Amino acid sequence: MNFPILSILILLPMVGVALIMMLNRENQWVIKGTAMAVALLEFAVSLPLWFWFDSNTAQMQFVELYPWVPSYGISYYVGIDGISLLLVMLTTFITPICVLACWEDVQDKVKEFMICLLFLQTGMIGVFVALDLFLFYVFWEVMLIPMYLLIGVWGNPARRIYAAVKFFIYTMVGSLLMLVAILVLYFYNAKVTGVYTFDLLKMYGLNIPFEMQFWMFLAFGLAFAIKVPMFPVHTWLPDAHTEAPTVGSVILAAVLLKMGTYGFLRFNMPLFPEAAWYFVPLFSILAVIGIIYGALVSLVQVDLKRLVAFSSVSHLGFVMLGLFSYNMAGVQGGIIQMINHGLSTGALFLIVGMIYERRHTRMIADFGGISKVMPIFATIFMIVTLSSIGLPGLNGFVGEFLILLGAFKANKIYAIFAATGVIFAAAYMLWMFQRVMFGVVTNEKNKNLKDLSMREVVVLLPVLLFIVWIGVYPNTFLEKTKASTANFVAYMEKAKATKVAAADVIMKGDQR
Amino acid sequence: MSIDIPTICLTNIGPLITLSVAGLLLLLFDAFSGKAIKKAHFHQFSLVAVAIALLQTVLLWNRQTSDFSRMIYVDNFSFFFNIIFLLGTGISIILSVHYLENYKKNYGEYYALMLFAAVGMMLMAAGGNLVIIFLGVEILSIPIYILSGLFREDLKSNEAALKYLLLGAFSSAFLLFGIAMLYGGTATFYLADLAAFIKKNGMNGYTYVGMGLLIVGFGFKVSLAPFHMWTPDVYEGAPTSITAFMSVGTKAAAFAAFVRVFLEVFPSVRMEWDLLLWVAAVATMTVGNVTALAQTNIKRMLAYSSIAHAGYILVGLIAGNQLGATGILYYLLAYTLMNLGAFGVVIAVARKKDSYLNIYDYSGLAFQYPGLAAVMTVFLFSLVGMPPTAGFLGKFYIFSAAVQAGYIWLVIIAVINSLISVYYYLRITVIMYMQPAEADLGPVAVTPVVNATLIISALAVLLIGIFPGAIFQLAMNSIKIFGS
């Protein structure tokens, strides 16, 4: 396998950026068309990943390794396993949807908007495929800039700047401490093995003293926990989500938050396994608090977008709980729930965006009886709502079920408390749906709303397809992650059993 | 009785000679040509001189010796710094042209003084003897005193010049007194002999006092807290082109001497000075960043930011290892490009009589002048230390050196400081991209040459940020002279 698919995925959006830069800003349609073409091409290029992926091995696949700063042991090292495969696919899948979704929405500074969007895609793919700590850090930081601009330039005029700066600074707090931890790890590795390298896979199974693990787990953990976001460092999220333009919220929810959970799975836990076991109670309790707190706060929101934003806190709490159970069901559930949340919350943000475009309000109280005026919209909205609640047959159920199963095996108390989150979810989502969609049309302005256009249906249909697919036959996706997850779980078990992460062979990827 | 006449190879100081001669010629042209020779050609003449000096430096690369009875070191360390100084001088000259015309202050001596200052910088980087370093400091400082007072009618410019002169005189006195103390303790001015003496006999009372006074003297020049008081006022009052020149050139030169003296002479007593510098670094970063938060004048903001950057660079010196020294060299090169770039944009936007220096004057710039705003954004993100810019790599190298040397808390404090700096750099991008123009900005005229310079600087900042290998290797080669 010598065809550099991953590098193409990273570079293609940048080519798109260069192309769009050369276009005349007056030709909005050409710009949008170019962005769409690049995004679709990107998706097409990513498809072979899915089909050629060998799900029987936990080794890194599609690996590319070139020296970058050899004197420092920095290399351009990319590759994917089952965990990153799904997230990469999610990214390439969601971007064309986003471009299409903002087709009419964004009228102002279209050129810059599309540049930011494609630039962001490069960063996101890079984060998920990087296997070199330095490379990872670069992508992790780079991706901040376009997102910051998306929120700050195209957000809601009233508070966009506040939200953008808050987003940026919160993320930087975590990532700068992570940088220090990366450096400490780098020099520790060099001291022990005598090799100066940022190669992630070589650092797995490094026998790090517990005290050091303790601090480094916290340093990495803070960066990722802010991104997830876990209670109590979630406060940037409602602001960023609410103020961002629709597409910004979609990408934020669908992909950016997953970087936090992915970071825990790829970096925190395998690098510092002893500390990872040590911190199970703390992080599980924070996850459970997040689940319940997010749900309760959603219950009292008057703003649709804010409600969806807080529901993210709750959903991501489930993911974290699943990951920290360190068993097959929990971790697989966590991974599939990352995808689920990307799909259903992404779709919810799209839906909220569509209704906002028509009414220029997001207050629940301004709506009511919409289902009579917009039947197609109502149907789709209902399906997505149910998926978010976790109705059997739709994707949310699979993820939450597996997570609760895993959590129950690991610790019954967390699972019991977390399960109440499912009930709360039903409460806030259905209550919201009822107030928005059912009843009589009380507001004059709602009487003549247009139903979804063809374009909007096309935007939502692919998402719906996967919502049902995962719900009915999750095995398509679970089998891709199976080997990697089993490997991870075995690794964590071994770390627990020996309390030393001497398991050097396991988790070690393809070192070609 | 026979007198040994030392052999002298003039090519070793070729760049210095070129710049000195060019400076003198400019003065002569200015004095005797009357109106005959157009002053418009002066900057071209000086640019040619800078280019020749650059070429000479490149040709000298890898020559390792000392000359003028060991007074001057001829080594890659000084060449690397020469490149930084020449880049800084060249870009500053390009940025000056339009600025001076706006002010109708196109005096011939302006460029001559700049060239002399560059000679001073080179002497500081090459000095193998404390007296030469002191001479370098003076040759550098005196032209800059004059240049910061260039606008005679402007009170602020006067204030800047006077303040810089007074405080600069103090710092020179401290430096000189320190040198005297070291001489008193060891009976030599030569760095190599000093090092040998201290290695053999250890420190004594005089050398301790001397070392402390050297820290004070250099601390003034690189604006370490608590010796930074002059920086904001001088930076604000001086002509912007000179502020730009000073912020990169003086700082780099002072760091060159600082690094050379401390890593060559005092490595054996690292324990004695690193605590002192540790405190100074933390104070410098914190004072610079926290005060910059409150600034609304962009020149003052950049002044405080330059104080903060001195703090980061000092972290590399405290680390005291190969990596740290390499990091300092890399950082100073990156800093030269990004800071000059930022000042270039400031000059372009400020226009006539510096009337647009408030940060809110940048509102809406991104959509009136997208190119200008884009390069400014690159420079600002580089100053923040965001990948993939040179600024990030600089910080990365310096912080990793400090981690390697075990100064983890210092690095944590430094990254917290970087975080604070995010806010004020980001605010400029917020204003440029996210706020509508408060008043019509009017036409911003940027000459093609300045335009090209800014774009090339921005590309260079990105390029050496993405492919740092080559520069890193050069810097690595340049610090081989330090043993440890």
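**Entry 1: a helix in chain B**

I began with helix H4 (residues 108-126) of chain B, which has 19 residues and reaches 28 Å from its first C-alpha to its last, close to the 27 Å expected at 1.5 Å a residue. For the expected span I took 1.5 Å times one less than the number of residues in the helix. Helices here are DSSP runs of H or I with at least four residues, strands are runs of E with at least two, and both are numbered from the N terminus. I then looked at burial and found H4(B) mostly covered, with 17 of its 19 residues buried. My cut-offs count other C-beta atoms within 10 Å of a residue's own, placed from the backbone: 20 or more is buried, 12 or fewer is exposed, and in between is partly exposed.

A note on the model: it is predicted, so I kept in mind that local features need pLDDT of at least 70 and side-chain atom pairs count only at pLDDT 80 or more, while totals for chains, interfaces and linings use all residues. Residues are numbered from 1 along each chain as its sequence is written, and chains are lettered from A and ligands numbered from 1 in the order in which they are written.

**Entry 2: a helix in chain A**

Next I checked H3(A). At 1.5 Å a residue its 20 residues should span 28 Å, and the end C-alpha atoms are 29 Å apart, which agrees. H3(A) is mostly covered too: I found 20 of its 20 residues buried.

**Entry 3: the hairpin in chain A**

I followed strand E1 (residues 61-69) of chain A to strand E2 (residues 74-80) of chain A; the two run antiparallel and are joined by six bridges. Pairing here asks for at least two DSSP bridges between the strands. I noted A:Tyr77 in E2(A) as the bridge partner of A:Leu65, and A:Ser75 in E2(A) opposite A:Pro67. Four residues lie between the strands of this hairpin, and A:Gly73 takes a positive phi near 75°. Six of the seven residues of E2(A) are buried, so I logged that strand as mostly covered.

A reminder to myself: most residues other than glycine have a negative phi, and most peptide bonds are trans. I looked for exceptions.

- The peptide bond from A:Val228 to A:Pro229 is cis, with omega near -10°; I placed A:Pro229 in the loop between helix H9 (210-227) and H10 of chain A.
- B:Ala225 and B:Pro226 are joined by a cis peptide bond with omega about 0°; B:Pro226 sits in the loop between helix H8 (205-222) and helix H9 (230-237) of chain B.
- B:Asn62 is not a glycine, yet its phi is positive, about 80°. I found B:Asn62 in the loop between helix H2 (42-60) and strand E1 (65-67) of chain B, and B:Asn62 is exposed, with 9 other C-beta atoms within 10 Å.
- B:Ser69, a residue other than glycine, has a positive phi near 50°. B:Ser69 lies in the loop between E1 and strand E2 (72-74) of chain B and is partly exposed, with 13 other C-beta atoms within 10 Å.

**Entry 4: where chain A touches chain B**

I counted 24 residues from chain A and 25 residues from chain B in the contact. Contact means C-beta atoms, placed from the backbone, within 7 Å. On the chain A side, the elements giving two or more residues are helix H5 (133-142), helix H6 (144-154) and helix H7 (160-193). H7(A) gives the most, with 14 residues. By class I have 20 nonpolar, two polar and two charged residues on that side. Nonpolar covers Ala, Val, Leu, Ile, Met, Phe, Trp, Tyr, Cys and Pro, charged covers Asp, Glu, Lys and Arg, and the others, Gly among them, are polar.

**Entry 5: two domains of chain A**

The domain assignment of chain A gives domain 1 (1-278) and domain 2 (300-500); such bounds come from an automatic or database assignment. I noted their C-alpha centres 22 Å apart. The contact takes 44 residues from domain 1 of chain A and 43 residues from domain 2 of chain A. H11(A) gives the most to the domain 1 side, with 13 residues.

**Entry 6: the core**

Last, I looked up the largest nonpolar core: of its 406 residues, B:Ala334 and B:Ala402 touch the most other members. Such a core is a set of buried Ala, Val, Leu, Ile, Met, Phe, Trp, Tyr and Cys residues joined through C-beta atoms within 7 Å. Helix H13 (residues 322-350) of chain B supplies the largest share, 21 residues.

Note on methods: Contact = placed C-beta atoms within 7 Å.
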